[in-house]
Each structure stands twice: as structure tokens, then as C-alpha cells.
Amino acid sequence: MNSEHYAETIPQRTGVRGTLQGLLVTLKNLLKGFVGDIPTVQYPDGRRNYSERFRGIHVLLSREDGSPRCVACYMCATACPADCIEIEAAEDPDRDVEKYPREFKIDLLRCVFCGLCVEACPKEAIVMTRNYETGFHSREEAIYSRDRLLEKAKLPEQNLGYRPRYSP
């Protein structure tokens, strides 16, 4: 297909009519900002309301005795497309649990916050919060260890975000 024929098949909006249509769209959006709701949020005084399924920072949930729910099955690390989860398993002294994560690290700079790790977890040990404030001064601060992930889990229940098996 030559380029002259291709150019003929695309509708061209030229001249005054096309320019006026473009200006009308711009003017309509400008006036909507003055008259209607302004979408600007005055952060940090005002906060944006996100969905219950928002995918924010990860947390590891714990059992009643304080030990992590994670059984180091590596399913979250396998499902992660960004390869940002590292797990080192160890034998658990408790006979009811076969393994536990001696080390569990998530590199949030590599994470794409897709939620596949949460969906893959059979014990619902890892969930995502509705916390979207992630600021780091160094790369080391962006790597969340097991203890830091368990510490973050002490959030109120309403701040937990994406959990596929949760029904409110």
C-alpha cells in the first residue's frame, strides 16, 4: 500500500471547522474546572479516597501467637513477574507448621504492585494495604524485610487493601 492511498483513507480535519472544534473542547474543560468539582486534592491535609481493592504497600500477616502465617512455599515469589520477592526457608520448631520464612524480602523499587503474589498465597499471609505513601532516601530503605513487613501489618483492618478472598 503506497503512502498516498493511506493518507486518503484517514479523515482529515483541516481548516476553521476542525480548529473551532478543538478550541470548543478546550473551553468546555476549562469551564468545567471553574464551575464543577475540582479534582485537585490538597495533600497532605486532604487525602484521596481509593477503592477497597487498591494495591499499596505489602504486609505479612501473623498468627495469634505472633509468628508469620507464611509457610515459605515460594508461590508468591514464583508468581511475581518482577522477581522482587526473596524467601529463605527454615524448619519450624512447631510441629504443626512445616517451614517458616527465615528471611522474606520485597524490593519495592522493582515491584509493579500487580497483586499476583497476594493471589498466589494459599495461606493469605501476604496482603496489600491501601497505603500509597512510599518515599525512600536510599535503595536499602526500599527493601522491606520480614520483620518490617510484619511490623507494618499492625495497621487497622480498614487500611488493608487488595485481598482476593476477602468479602466485606
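This is a short chat about a predicted protein model.

Biologist: What should I know about the model before reading it?
Modeller: It is predicted: local features need pLDDT of at least 70, side-chain atom pairs count only at pLDDT 80 or more, and totals for chains, interfaces and linings use all residues. Residues are numbered from 1 along each chain as its sequence is written, and side-chain values use heavy atoms, leaving out hydrogens and water.

Biologist: How many helices and strands does the protein have?
Modeller: Five helices and five strands. These are DSSP runs numbered from the N terminus: helices are H or I with at least four residues, strands are E with at least two.

Biologist: In what order do the elements run?
Modeller: From the N terminus, α-α-β-α-β-β-α-β-β-α.

Biologist: And what share of the residues is buried?
Modeller: Of 168 residues, 28% are buried. Buried means under 20% relative accessible area, exposed means over 50%, and partly exposed is in between, with a 1.4 Å probe and protein chains only.

Biologist: New topic. Which peptide bond is cis?
Modeller: The one joining Tyr 43 and Pro 44, with omega about 10°. Pro 44 is in the loop between α2 and β1 (58–60).

Biologist: What is the phi of Tyr 74?
Modeller: Positive, about 70°, although Tyr 74 is not a glycine. Most residues other than glycine have a negative phi.

Biologist: Where is Tyr 74?
Modeller: In the loop between β1 and α3 (75–79). Tyr 74 counts as partly exposed because its relative accessibility is 33%.

Biologist: What about the phi of Phe 113?
Modeller: Also positive, about 55°. Phe 113 sits in the loop between β3 (99–107) and α4 (116–120).
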